[in-house]
Amino acid sequence: MAALSRSSLFVFVKNGSGFARIGGKSLVSVPSLNNVLRGFSNRPEKSPIVPSLLDFRGEWLAADKEKFQCDMKVLVDFITVEEETKLLEEIEPYMKRLRYEFDHWDDAIHGFRETERKHWYPHNRQVLERVRVEGFQEEIMPYIHILDLAAEGVIKPHIDSTRYCGHTIAGISLLSDSVMRLVYATHKVEQSDDYRSQPKAILENNFYADILLPRRSLYIMSHYARYDFTHEILANQQSCFMGQPVKKDRRLSIICRNEP
């Protein structure tokens, strides 16, 4: 078996009393990344040992890496299988009536359908309240963004505008694992009235991070990670983590934001 050693971002896993944080260095022996993914989704017992979900690439300054780790978090198994099912039961009847779009008005997303929802069933509202408690120090925007990305869909590199939402977003990943890439924006674009800017994600002579988002996890992105880096969801042709392919099926995300 190959030993994978990486500097990890703060990874949160469930324990008997809530969430425990795993940070710093991790050394995990795994036969393949597929076993790691299966472990996140199907492990019968919650193990305290979790492989790193972040792969740092390029030359990072120690201060930049520390700041990034504070502003980019992933909570594994944030929701249960039953909670995922109940969320889908509420969302699917409406989403199925929508067509996937491949020509988004700002060219940032292809193969998607989306909506916003304000009123939720009580049991699902409880899940969203947990998101608020974990990710925000204030109230979240009342309309929750639901983004349904087809298996062949892609979210291109972009930086969200500060005009329309605040410094933090938190998203629950349903139905599929995926890889999010954050690339340091070497040439930032001046904020305009656009919903998002799309500076080119330059990998050469730059630093970036690939983040594994397991199914039913919650990511929390804020401040430095949110506005100094482009973020994207890799298409299946590029979707790899630590050298192993990560197949992205249909991915549905429930995204909370705070006010600008």
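**Entry 1: the largest pocket**

I began with the lining of the largest pocket, whose residues divide into six nonpolar, six polar and four charged. For these classes I counted Ala, Val, Leu, Ile, Met, Phe, Trp, Tyr, Cys and Pro as nonpolar, Asp, Glu, Lys and Arg as charged, and the others, Gly among them, as polar. The model is predicted, so I note its terms here: local features need pLDDT of at least 70, side-chain atom pairs count only at pLDDT 80 or more, and totals for chains, interfaces and linings use all residues. Residues are numbered from 1 along each chain as its sequence is written, and side-chain values use heavy atoms, with hydrogens and water left out.

I looked up the space in the largest pocket and found about 260 Å³. A pocket here is an open set of points on a 1 Å grid over the protein atoms alone, with protein on both sides within 12 Å along at least five of seven lines. A cavity is a set of points where a 1.4 Å probe fits but cannot get out, and lining residues have an atom within 4 Å of a point. Grid points are joined across faces, edges and corners, and a volume is the space filled by probe spheres set on the points.

The pocket has 16 lining residues, and Glu-134, Gly-135, Phe-136, Gln-137 and Ile-220 are the closest to its centre. Helix H2 (62–71), strand E4 (72–75), helix H4 (122–135) and strand E11 (218–222) each give two or more residues to this lining. H4 gives the most, three residues. Helices (H or I, at least four residues) and strands (E, at least two) are DSSP runs, numbered from the N terminus.

**Entry 2: the cavities**

How many cavities of 30 Å³ or more are there? I count two. The largest cavity has a volume of about 190 Å³. Its lining holds 17 residues, and Leu-147, Ile-155, His-158, His-231 and Ile-255 lie nearest the centre.

Which strand gives the largest share of this lining? E6 does, with five residues. Strands E6 (144–160), E12 (229–233) and E15 (251–257) each supply at least two. By class, I find eight nonpolar, four polar and five charged residues in the lining of the largest cavity.

**Entry 3: the chain and its cores**

I checked the whole chain next. Its secondary structure comes to five helices and 15 strands. Of its 260 residues, 52% are buried. Buried means under 20% relative accessible area, exposed over 50%, and partly exposed in between (1.4 Å probe, protein chains only). The chain exposes about 12600 Å², and carbon and sulfur atoms supply 50% of that area. I also looked at contacts (heavy atoms within 4.5 Å). Of those between residues at least 6 apart in sequence, 83% join residues at least 24 apart.

Then I looked for nonpolar cores, which are sets of buried Ala, Val, Leu, Ile, Met, Phe, Trp, Tyr and Cys residues joined through side-chain atoms within 4.5 Å. In soluble globular proteins, nonpolar side chains tend to be buried together. The largest core here has 34 residues, and those with the most contacts inside it are Phe-68, Met-72, Met-180, Leu-182, Ile-211, Tyr-219 and Met-221. Strand E10 (residues 208–213) gives the most to this core, four residues. Apart from that core lies another, of 23 residues, including Val-127, Leu-128, Ile-144 and Ile-146.

**Entry 4: two positive phi values**

Most residues other than glycine have a negative phi. I noted two with a positive value. Asp-77 has a phi near 55 degrees. It sits in the loop between E4 and helix H3 (81–95). Is Asp-77 buried or exposed? At a relative accessible area of 6%, Asp-77 is buried.

Leu-175 has a phi near 75 degrees. I found Leu-175 in the loop between strand E7 (168–174) and strand E8 (178–184). Leu-175 counts as partly exposed because its relative accessibility is 22%.

His-123 lies in helix H4. Its relative accessibility is 35%, so His-123 counts as partly exposed. Glu-83 is 40 residues away along the chain, and the two C-alpha atoms are separated by 8.4 Å.

Where is Glu-259? Glu-259 is in the segment after E15. At 46% relative accessibility, Glu-259 is partly exposed. Glu-259 and Glu-138 are 121 residues apart in sequence, and their C-alpha atoms are 8.9 Å apart. Not counting residues up to four places away in sequence, Glu-259 touches Met-141, Pro-142, Cys-165 and Gly-166.

Methods: Areas by Shrake-Rupley, 256 points an atom, 1.4 Å probe, with all protein chains shown as cover.
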